[in-house]
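Biologist: Could you walk me through this model? I'll ask as we go.
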Amino acid sequence: MRKNIVAGNWKMNKTNSETITLLDEILAKKPNTATEIIVSPTFVNLKTAVDKVAGKGITVAAQNMHQAEGGAFTGEIAASMLTDIGVKTIILGHSERRAYFHETDALLANKVDTALKHEMRIIFCFGEELKDRQADNHFNVVEYQLRDGLFHLQKSDWSKIVLAYEPVWAIGTGETASPEQAQEMHLFIRNLVTKVYGHEIADELTILYGGSVKPDNAKEIFSKPDVDGGLIGGASLKAGDFLDIVNGF
């Protein structure tokens with residue numbers, strides 16, 4: 001049975017002291033749930049978060065990493081630096097990394113390989129922009145991103161993969177993706193993985209939705225049969241809102 005996950009991507013928000021405060025608030029109200037809760041602070045606050053939630057049923061993830069093992073890459077972070085402080089989950093391919101830092105599918109495939117070499121679990125993000133949706137090209141864009149970024153993997157690698165579909169056009173644009181649109185794409189994704197890797201892997205694969213999930217729409221979105229949770233942005237920065245989303249299950 002595949003796992004339900006709600007992951008909070010804090011992006012470039014929260015100082016170290018603010019990280020401690022937010023984690024305290026989350027821990028104080030954390031529900032007793034089978035849903036996995038993930039938080040993803042900035043690099044400089046990861047160790048603080050790991051120590052704070054140790055043994056308390058919350059996973060800490062990093063927002064990015066470099067594909068190289070080390071070397072002359074000023075400002076970058078290697079996989080071994082993350083795993084050494086207890087971070088074993090990584091977000092790769094977020095729409096903001098693709099848009100602002102020009103990360104390509106080929107680059108992301110290299111990052112995926114490096115993360116797997118270090119036995120990290122990967123939350124792999126992908127999704128179409130508004131122009132793709134308007135041109136009715138959204139299924140093709142998603143298929144290409146998955147094929148170029150992940151479909152070189154062996155079947156055994158997929159136990160370490162979580163997918164996160166982000167309709168970029170529905171994030172901070174005023175446009176809204178319906179739960180039905182989320183389900184339609186998630187089913188397409190699961191069927192695509194089935195064609196390449198078979199039913200067993202596809203049926204066990206967790207697929208998260210990353211299109212502006214909020215407390216007032218989480219329950220309806222999570223009720224869809226192929227939506228296994230959410231990758232949450234702004235709403236993850238408030239403990240009450242974040243946990244209300246977790247309770248959407």
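Modeller: Fine. This is a predicted model, and a place to start is Glu36, which lies in strand β2.

Biologist: Is Glu36 buried or exposed?
Modeller: Glu36 is buried, because its relative accessible area of 12% is under the 20% cut-off.

Biologist: What is Glu36 in contact with?
Modeller: Leaving aside neighbours within four places in sequence, Glu36 is in contact with Lys3, Asn4, Ile5, Val6, Thr59 and Arg121.

Biologist: And the rest of β2, how many of its residues are buried?
Modeller: Five of the five residues in β2, which spans residues 36–40, are buried. Glu36, Ile38 and Ser40 point one way from the strand, while Ile37 and Val39 point the other way.

Biologist: Which strands does β2 run alongside?
Modeller: β1, residues 5–9, is parallel to β2 and joined to it by five bridges. Within that pairing, Ala7 has Ile38 as its bridge partner. β2 also pairs in the parallel sense with β3, residues 58–62, over three bridges. There, Val39 stands opposite Val60.

Biologist: How does the chain get from β2 to β3?
Modeller: Through helix α2, residues 46–53, in a right-handed β-α-β crossover. β1, helix α1 (residues 16–29) and β2 also make a right-handed β-α-β unit.

Biologist: While we're there, what sits in the loop between β1 and α1?
Modeller: Lys14 has its place in that loop. Phi of Lys14 is near 80 degrees, a positive value in a residue other than glycine. Most residues other than glycine have a negative phi. Lys14 is partly exposed, at 28% relative accessible area.

Biologist: Where else is there a positive phi in a residue other than glycine?
Modeller: At Glu119, where phi is near 60 degrees. Glu119 is in the loop between α5 (105–117) and β5 (121–126). Glu119 is exposed, with a relative accessible area of 59%.

Biologist: Switching to helices. Which residues of α11 are buried?
Modeller: In α11, residues 239–246, the buried ones are Ala239, Phe242, Leu243, Ile245 and Val246. Seen down the helix axis they fall within an arc of 150 degrees, so they line one face of α11.

Biologist: Why would residues at that sort of spacing point the same way?
Modeller: An α-helix has 3.6 residues a turn, so residues three or four places apart point the same way.

Biologist: What covers the buried residues of α11?
Modeller: The cover includes β1, α1, β2, α10 (218–222) and β8 (229–232).

Biologist: Now the nonpolar core. How many residues has the largest one?
Modeller: It has 64 residues, and those with the most contacts inside it are Leu146, Leu150, Trp158 and Leu163. Helix α8, residues 179–197, gives the largest share of this core, with six residues.

Biologist: What does Leu146 touch?
Modeller: Not counting residues up to four places away in sequence, Leu146 touches Phe124, Phe126, Phe151, Leu163, Ile189 and Leu192. Another core, of 11 residues, lies apart from the largest one; Ile91, Ile123, Val162 and Leu208 are among its members.

Biologist: You listed Trp158. How many aromatic pairs does a search of the whole structure find?
Modeller: Eight. One of them is Trp158 with Tyr197, a tilted pair at 5.0 Å centre to centre and 50 degrees between the planes. Trp158 is in the loop between α7 (138–150) and β6 (161–165), whereas Tyr197 is in helix α8, 39 residues apart in the chain.

Biologist: Are those two buried or exposed?
Modeller: Trp158 is buried at 5% relative accessible area, and Tyr197 is buried at 7%.

Biologist: Which aromatics form a cluster?
Modeller: Phe124, Phe126, Tyr165 and Tyr209 form one aromatic cluster.

Biologist: Last one, Ile207. Where is it, and what is it in contact with?
Modeller: Ile207 is in strand β7, residues 207–209. At 0% relative accessibility, Ile207 counts as buried. Leaving aside neighbours within four places in sequence, Ile207 is in contact with Leu163, His186, Ile189, Arg190, Asp226, Val227, Asp228 and Gly229.

Biologist: And how far is Thr83 from Ile207?
Modeller: Their C-alpha atoms are separated by 24 Å, and the two residues are 124 residues apart along the chain.

Terms used
Residues numbered from 1 in each chain as written. Predicted model: local features only at pLDDT ≥ 70, side-chain atom pairs only at ≥ 80, totals over all residues. Heavy atoms only, no water. Buried < 20%, exposed > 50% of the residue type's maximum accessible area, 1.4 Å probe, protein only. Helix = DSSP H or I, 4+ residues; strand = E, 2+ residues; numbered from the N terminus. Pairing = 2+ DSSP bridges. Right-handed = clockwise from strand over helix to strand, strands pointing away. Arc of directions from axis to C-beta. Contact = heavy atoms within 4.5 Å. Core = buried A, V, L, I, M, F, W, Y, C linked by side-chain atoms within 4.5 Å. Phe/Tyr/Trp six-rings, centres within 6.5 Å; stacked < 30°, edge-to-face > 60°.
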